[in-house]
Amino acid sequence: MRLFSYFLPLLFLLIACTSEERTDNLSVKKSTYLDYAASWQINEESLAEFIKVSRIYGNSSGINPHAEQLKQQERQATNVIAKKIGAKRDQIHYVSCASVANNIAVLGVAYKNPGCHLITSKIEHKSILNVFKHLEKNGYKVTYINVDRYGYIDLKQLKNSIRKNTKLISIQMFNSEIGTLQNMQEIGEIAHEHGVLFHSDAAQSFCKYDIDVNKMGIDLLTISGYKIGAPKGIAALYVRDINRLQPIMFGSGDALFPGTKSTALICAFGKAVEKFIFDKKRICENYVVLVNKLKKIGGVFVNSSEPSHIVSISIAGVLLKDILNRTRDFSFSAGCSCLGQDKSNVIEAIDPQGKLPGCTIRISFSDMIETEQLINFANELRNVIEQLRKEKAVREGCESMQSEVEQNRLKENLDDIQKLLSTEIYEKERKE
């Protein structure tokens with residue numbers, strides 16, 4: 001009996017853990033994940049690499065045998081990453097996320113050239129646009145390039161916007177909200193023709209589309225780990241010539257992002273690059289199927305123009321919060337995961353006259369998503385939209401009827417009051 005009392009708590013703990021694991025698995029399986037643009041499914045080999053390297057003692061900044069082992073691991077991973085974009089190992093600078101890389105790139109050039117002129121587009125990520133807005137408040141001049149209905153920048157305006165003191169052009173390679181792929185080589189040629197540095201936020205396109213920093217004329221490139229299956233917390237900035245940037249952080253180690261390096265995350269990043277698979281053919285086929293299904297829903301406007309893993313649509317006659325609340329079996333985002341409650345600058349840029357409906361959602365998927373899952377999503381979305389529109393029609397009809405009833409009641413009340421007043425006046429006159 002005493003032995004049983006010892007094992008009883010362990011038995012309860014085992015049951016609780018098993019129950020919790022089942023609940024977690026059920027909650028994950030219940031919802032189909034269609035938000036790969038926010039974060040890619042983690043690669044198991046990348047995660048295993050992170051765990052393995054995390055167990056190595058030491059700090060790669062040291063000079064002991066453990067530190068040397070960590071440095072060797074970092075070099076191997078960095079070789080893989082650098083090779084993927086045609087760069088050299090010492091041109092890769094690790095940071096915690098793509099937003100930090102964007103800040104270091106833009107502010108680094110700006111602070112190196114006080115009061116200079118800078119160029120970007122109207123559909124950039126907030127970590128680019130908000131930096132430029134900050135610089136404008138501090139005496140810098142910024143030109144925001146227009147885009148067409150599907151997000152392609154106006155190259156003619158780009159050329160004409162370059163001034164004598166223009167020092168940087170920053171254009172996102174692949175838009176994270178509507179999936180527009182810019183002509184990087186042409187932009188690079190325009191920049192270098194005028195001696196201007198060219199930065200690109202390629203967090204969404206790294207490993208999915210071919211990148212050669214030399215052929216494309218890219219001087220600064222932002223890339224991200226968790227968009228391709230690495231754990232969150234690791235990204236990198238490619239810098240062609242570090243002497244053309246002013247550091248904005250200070251300490252020991254890397255000149256641009258000082259401090260202790262997360263060797264485990266760097267190695268996981270390298271492993272994710274090695275193992276990442278992006279079946280473009282399958283992606284394009286599924287894009288076509290999904291878009292064709294969505295176009296059959298009345299009042300749906302597709303904001304994406306080329307087959308990719310991102311589909312943006314604007315929906316008439318419904319509210320965004322209602323769409324999100326009613327489609328709980330699918331995980332997708334409202335325009336872009338980083339926006340929160342903010343209005344999308346991308347939608348405003350492609351629709352300057354405000355003709356698109358206010359409800360915009362983004363569906364993003366990997367090559368692991370089955371065609372049937374996308375069809376199920378489109379069918380579910382159609383049902384939800386139709387139901388919401390019916391409810392709205394009924395609600396508006398009721399409000400209209402209610403208004404009419406209230407008006408009739410008011411009229412009756414006024415008539416009664418008028419009769420009452422008339423009676424009182426009549427009685428008063430008769431008495432007099």
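**Figure 1. The whole chain at a glance.** Of the 432 residues in the protein chain, 44% are buried (buried means under 20% relative accessible area, exposed over 50%, and partly exposed in between, using a 1.4 Å probe and protein chains only). This is a predicted model, in which local features need pLDDT of at least 70 and side-chain atom pairs count only at pLDDT 80 or more, while totals for chains, interfaces and linings use all residues. Residues are numbered from 1 along each chain as its sequence is written, and side-chain values use heavy atoms, with hydrogens and water left out. The protein chain holds 12 helices and 12 strands; helices (H or I, at least four residues) and strands (E, at least two) are DSSP runs, numbered from the N terminus. Take the contacts between residues at least 6 apart in sequence: 73% of them join residues at least 24 apart (contact means heavy atoms within 4.5 Å).

**Figure 2. Strand β2 and its partner β8.** Which residues of strand β2 point one way, and which the other? In β2 (residues 92–95), I92 and Y94 point one way, H93 and V95 point the other way, and all are buried. Strand β8 (residues 235–239) runs antiparallel to β2, and 4 bridges join the two (two strands pair if DSSP finds at least two bridges between them).

**Figure 3. Helices α4 and α5 packed together.** Two packed helices are described by the angle between their axes and the distance between the axes. For helix α4 (residues 98–112) and helix α5 (residues 126–137), the angle is about 30 degrees and the axes are 9 Å apart. Axes are lines fitted to C-alpha atoms, for helices over the stretch in contact, and angles run from 0 to 180 degrees between N-to-C directions. α4 and α5 are therefore roughly parallel to each other (angles under 35 degrees count as roughly parallel, over 145 as roughly antiparallel, 65 to 115 as roughly perpendicular and the rest as oblique). Residues making the contact include N102, V106 and Y111 of α4 and I128, F132 and L135 of α5. The residues of this contact divide into 8 nonpolar, 5 polar and no charged. Here Ala, Val, Leu, Ile, Met, Phe, Trp, Tyr, Cys and Pro count as nonpolar, Asp, Glu, Lys and Arg as charged, and the others, Gly among them, as polar.

**Figure 4. A closer look at S99.** You will find S99 in helix α4. Is S99 buried or partly exposed? With a relative accessible area of 28%, S99 is partly exposed. Leaving aside neighbours within four places in sequence, S99 is in contact with H125 and S127. The C-alpha atoms of S99 and I128 are separated by 7.8 Å, although these residues lie 29 residues apart along the chain.
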